[in-house]
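Have the model open as you read.

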Amino acid sequence: MLSRISPLSAGAMELASLTWSHVAKPLYSLGILEEDVIKIAGISETQHVDIGNRALIIMCSDNGIVEEGVTQTGQEVTAVVTENMTDGNSSVCLMADRAGVDVFPVDIGVSRDLRSGARNPLIRKKLAYGTKNFHKEPAMTRETAVSAIAAGLSVAGELKEKGYRLIATGEMGIGNTTTSSAVAAMLLDRDPAEMTGRGAGLSDEGLMKKVSVIREAVKRYGPECSDAIDVIAHVGGLDLAGLTGVFLGGAVYRIPVLIDGFISGTAALAAAKLAPAARDYMLATHVSAEPAGRLLLDELGLKPFVAAGMCLGEGTGAVASIPLLDMALEVYTKMSTFQDIQIEEYKPLASQRNSGTQ
């Protein structure tokens, strides 16, 4: 599947850039929004950019590492919130309604069987009833990690077949800031203390315990890991693996995928490690308030729309960014051109091209 990933369409991007240059406003004045519209043109292979049908994929699973006291709440919360999502009753569901985004919760590893609500039917991809406690043993086998990645890739493909043109990513799983911190620390060879935050609200003592657990795992499993799949298998989660597959699926099926926050960003990094060309199909939305939020985006070479201090997860930051893209596309598709209003066009300066400013 990964061999099907091809470069962005240079021709479509050139035409989209030319379209922006004719719009009757100062050059490059919408900044990253302009750049990402051009990128979407390259992904979709046409300058006629359309993100009218958009979906949010929320990968939901439990993490055995919760046993180590690294979270404020128990893993039973994962199942409750996932079922609430199928009822349309969660933070991101309410935001998605306003942004015109269809929500697809995916049970890839929740610790109990779930009912499916009528509002957002549950996609059932369960591979296990949660992962193992990686403080004691690897979170999962390599085969399970591959299956989870493949599941995420297939969900992206199914949505493309249904006509969706933009995918936002989200997750639900108590303990997944711990798994993400561990995965990010191993992939980037960074000190776990630098990559680890308080998650949903840990005390100082709880944060110290969390860092200690991750540091021990990195030391124990690091020599055994040869690639990003090994890292996910040893210290990751099924939700993280599924999201990795979604990012790879975006590249395979040529559909832009929005990174949400720290957890989603870690999955994006894992995808880029497995297929470097996949990063061209990713768009950053916001900078997570988690300590490593900015670091991950810098590593991916991506610039976010906003820095709003968000760290809720579920895909909330990704969904919140979609109206910004909509507004940019209103300007891109409907704004008068300089020719229309009979005004001489702006001439680009070298400094403008480099900085993206007026």
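## A strand covered on both sides

Strand S1 has cover on both faces: Arg54, Leu56, Ile58 and Cys60 on one side, and Ala55, Ile57, Met59 and Ser61 on the other, are all buried (under 20% relative accessible area with a 1.4 Å probe, protein chains only; over 50% is exposed, and in between is partly exposed). With 8 of the 8 residues of S1 (residues 54-61) buried, the strand is largely enclosed by the rest of the structure.

A word on the source: this is a predicted model, where local features need pLDDT of at least 70, side-chain atom pairs count only at pLDDT 80 or more, and totals for chains, interfaces and linings use all residues. Residues are numbered from 1 along each chain as its sequence is written, and side-chain values use heavy atoms, leaving out hydrogens and water.

## Its partners

S1 pairs with strand S4 (residues 166-172) in the parallel sense over 7 bridges; pairing takes at least two DSSP bridges between the strands. Leucine 56 has alanine 168 as its bridge partner in S4.

S1 also runs parallel to strand S2 (residues 102-109), joined by 7 bridges. Here serine 61 has glycine 109 in S2 as its bridge partner.

## H5 against H10

Helices H5 (residues 142-161) and H10 (residues 238-253) pack at about 45°, their axes 6 Å apart. That angle makes H5 oblique to H10, as under 35 degrees is roughly parallel, over 145 roughly antiparallel, 65 to 115 roughly perpendicular and the rest oblique.

Methods
Axes fitted to C-alpha atoms, helices over the stretch in contact; angles between N-to-C directions. Helix = DSSP H or I, 4+ residues; strand = E, 2+ residues; numbered from the N terminus.
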